[in-house]
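Dear colleague,

Please find below the structure that I am handing over to you. My notes on its packing follow.

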Amino acid sequence: EWVVSSQNVIPATDGKLYSVGNILANTDSNLNTFGNLYPILDIEGSINSEWLKRLPFKKDLSLSEYLDVLEVISDNLGCVSTNKEKINRIYERIADTWDFSPETSEYSIVHNWGESHKILSKEGSFESPSSLYLLSSRLSGVNIDKQVFHGKHLENERFVSFMKAMGVNLI
């Protein structure tokens, strides 16, 4: 256990070796959410549940790490359609995990990130969050250009707070 916890000997999906605490376990959820966008244990099949309990795999990402993954997605323009579901999963995890009230540090982190990065629009291009719009669910059926991409299931207060923190305009 000491070796895998302290030495870079565990293969990950990005082709590099890591200590076990710096990669995610190869669960279906992690593979579906991150694919090759974040280091995940790279072995055939799933890891034995006993080993999963014993080895201290990274349990979740920090807010900054999630934002880093979104940045990687925005830099990979050739895979927009394949990454849409990943974006939705990441948005959902972020919105469900942190509070984005204006006085929180998480709000500041996301706001600062949004000023210098791009997110996906419904039109399929990556745009500055401040140039995109999120329509209130009360305006369903209204169609305007430059809407932020998101799954219908994400239309809740937590997601709206996250998008507002990022700089997206709410209508």
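At what angle do α5 and α7 pack, and how far apart are their axes? In this predicted model, the angle is about 100° and the axes lie 8 Å apart. Angles of 65 to 115 degrees count as roughly perpendicular, so α5 is roughly perpendicular to α7. On the α5 side, the residues that meet α7 are Tyr91, Ile94, Ala95 and Asp96; their counterparts in α7 are Arg158, Phe159, Phe162 and Met163. Six residues of this contact are nonpolar and two are charged, with no polar ones.

The helix α7 also packs against α6, here at an angle of about 55° with the axes 7 Å apart. That makes α6 oblique to α7. From α6, the contact involves Tyr107, Val110, His111, Trp113 and Gly114, while α7 contributes Phe162, Lys164, Ala165 and Met166. Six nonpolar, two polar and one charged residues make up the contact of α6 with α7.

Beyond its neighbours within four places in sequence, Met163 is in contact with Tyr91, Ile119, Leu134, Val148 and Val168.

With kind regards

Conventions. Residues are numbered from 1 along each chain as its sequence is written. This is a predicted model: local features need pLDDT of at least 70, side-chain atom pairs count only at pLDDT 80 or more; totals for chains, interfaces and linings use all residues. Side-chain values use heavy atoms; hydrogens and water are left out. Contact means heavy atoms within 4.5 Å. Axes are lines fitted to C-alpha atoms, for helices over the stretch in contact, and angles run from 0 to 180 degrees between N-to-C directions. Helices (H or I, at least four residues) and strands (E, at least two) are DSSP runs, numbered from the N terminus. Angles under 35 degrees count as roughly parallel, over 145 as roughly antiparallel, 65 to 115 as roughly perpendicular and the rest as oblique. Ala, Val, Leu, Ile, Met, Phe, Trp, Tyr, Cys and Pro count as nonpolar, Asp, Glu, Lys and Arg as charged, and the others, Gly among them, as polar.
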